[in-house]
Amino acid sequence: MNRPLHVKFLKTMYGLLVNNFLVIVASAAAAAVVPRTSPEEVLALAREIRPVHCLLALLLAAAVAKLRRMGRPKDVYLVEYGCFRPKPWFRAPFATCLEHAHLMPYLVDEESVSFAIRLLERSGLGEETCVPEAYHYMPPDRSLEASRDETELVIFSAVDEVFARTSVKPEEIDVLIVNCSIFTPTPVFADMVVNRYKLRADVQNVNLSGMGCSAGLVSVGLAKNLLQTARPSTHVLIVSTEILSSQYYVGTERAMLLPNCLFRMGAAAMILSNSSERARYRLTRLVRTVTAARDADYRCVFQKEDDKGNTGIRLSKDLATTAGYALKSNIAAFGPLVLPASEQLLVALSLLKRKLLSGRAKVRLYRPDFRTAFEHICIHAGGRGVIDEVQHGLGLSDQDVEASRMTLHRFGNTSSSSVLYELAYIEAKGMMKKGDRIWMISFGAGFDCNSVAWECVKPPADADGPWVDSIHRYPVQLPEIVKDTSDDS
């Protein structure tokens, strides 16, 4: 990972040269022309220009600029966001998980318990991750009432937080988008939010389900499309969560036990607008890739019944590999939009070299350095294997993936809200600066991969948020895990 200093210097100089090539050429041309023109000649030329010509030139420039702005889609901004912060009494340390499993022998056999504990120890989750109150009962309370209670707790807490952190009022919300994959009651979550916060009667509300951990960034894409065609100063409220209470799997199939071990309670809310007023981040790029045409990808995250009729979510042992494949397809479209010219040129040259030497030598394609395009990267904290796969595939350092690993350790896999917990980690550490660029990557059932790029407009005024009571303890050193092929997750 660490390059020699002379290699870093050469790479930096190369980037400066290629990325500023036009400026360098223009400067060289000006330097070649200016010495041949005396100051008296330049002054004489200026005197020959009539005031009316200057006025016409200014009017023409203003008209061209106006037409360009009118033809360009409206910018979309993240005004503010807020995350649910669970109370300590929701904690699920490993010892408690083991005790509860042993007290439910008629639901889970000893071999399954041993597998789950080994998985927890390898998962990258810490002892402070939290599960809903329903999980603390024996057996777990999977009733509709328990799920509604969890829904109201996490969603309303996140929405309360985002309204507390901004001057936007509930009556200013024009569009509401709520996403949750599996639990979808009637009335839907969007109507619950409208009822709780007394949103306007003409609010447009959408409820997304079944889209897995990628649904949060899918919602951002939907909001972007709506905001770019809406009237100025339109506000969209997005709420992302996953409700666990009704989804506890009580069978013994290992691939379906994984969600019990990895998923934890969480939710996030964000307000987007097409006005820069009060904005904190500007949305710059968004690319979504769907690989559901491949049967293996389609069944990678799959809700089903086991052979005893127990319903659960089956996570394929090839999940990390599938995520890597989807990411490659996503990068093929996302990279040209965000990478500087210097990196794109190196990619093009390696492709040309491979084509010219086809059949004579094996040419390894150049892997672009996305750290030249982004200061911060937020990888969905879906599990240790997923983060490892993305880190290896993109050639990232441990520091680059710190926010993802620490979010997984502190909060677990909170599904579609995880990337906002990671953004909150970066801010709480004081690492976010004005002009910094952020890349959010999410994966979800289907199989989906989403990339969203933001630019920081205004850093946070404080570090308050979901990390307020724990950021001083992070980062932590994660234990090394020996690969066990017998129960690969």
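**Exercises on a charged patch and an enclosed helix**

Glu-133, Glu-145, Asp-149 and Glu-152 together form a negative surface patch. The model is predicted, with local features needing pLDDT of at least 70 and side-chain atom pairs counting only at pLDDT 80 or more, while totals for chains, interfaces and linings use all residues. Residues are numbered from 1 along each chain as its sequence is written, and side-chain values use heavy atoms, leaving out hydrogens and water.

**Exercise 1.** Place Asp-149 in the secondary structure and classify its accessibility.

*Solution.* Step one: Asp-149 is found in helix α7, residues 144-164 (helices are DSSP runs of H or I with at least four residues, strands runs of E with at least two, numbered from the N terminus). Step two: because its relative accessibility is 44%, Asp-149 counts as partly exposed (buried means under 20% relative accessible area, exposed over 50%, and partly exposed in between, with a 1.4 Å probe and protein chains only).

**Exercise 2.** Describe the whole protein chain by its secondary structure and burial.

*Solution.* Step one: the chain has 16 helices and eleven strands. Step two: of its 489 residues, 48% are buried.

Conventions: Patches are made of residues with over 30% relative accessible area and no salt bridge: like charges are joined within 9 Å, nonpolar side chains (Val, Leu, Ile, Met, Phe, Trp, Tyr) within 5 Å. Accessible areas come from the Shrake-Rupley method with a 1.4 Å probe; for residues, only the protein chains shown count as cover. A salt bridge is a side-chain nitrogen of Lys or Arg within 4 Å of a carboxyl oxygen of Asp or Glu. Lys and Arg count as positive and Asp and Glu as negative; His and the chain ends are not counted. The place of a charge is taken as NZ of Lys, CZ of Arg, CG of Asp or CD of Glu.
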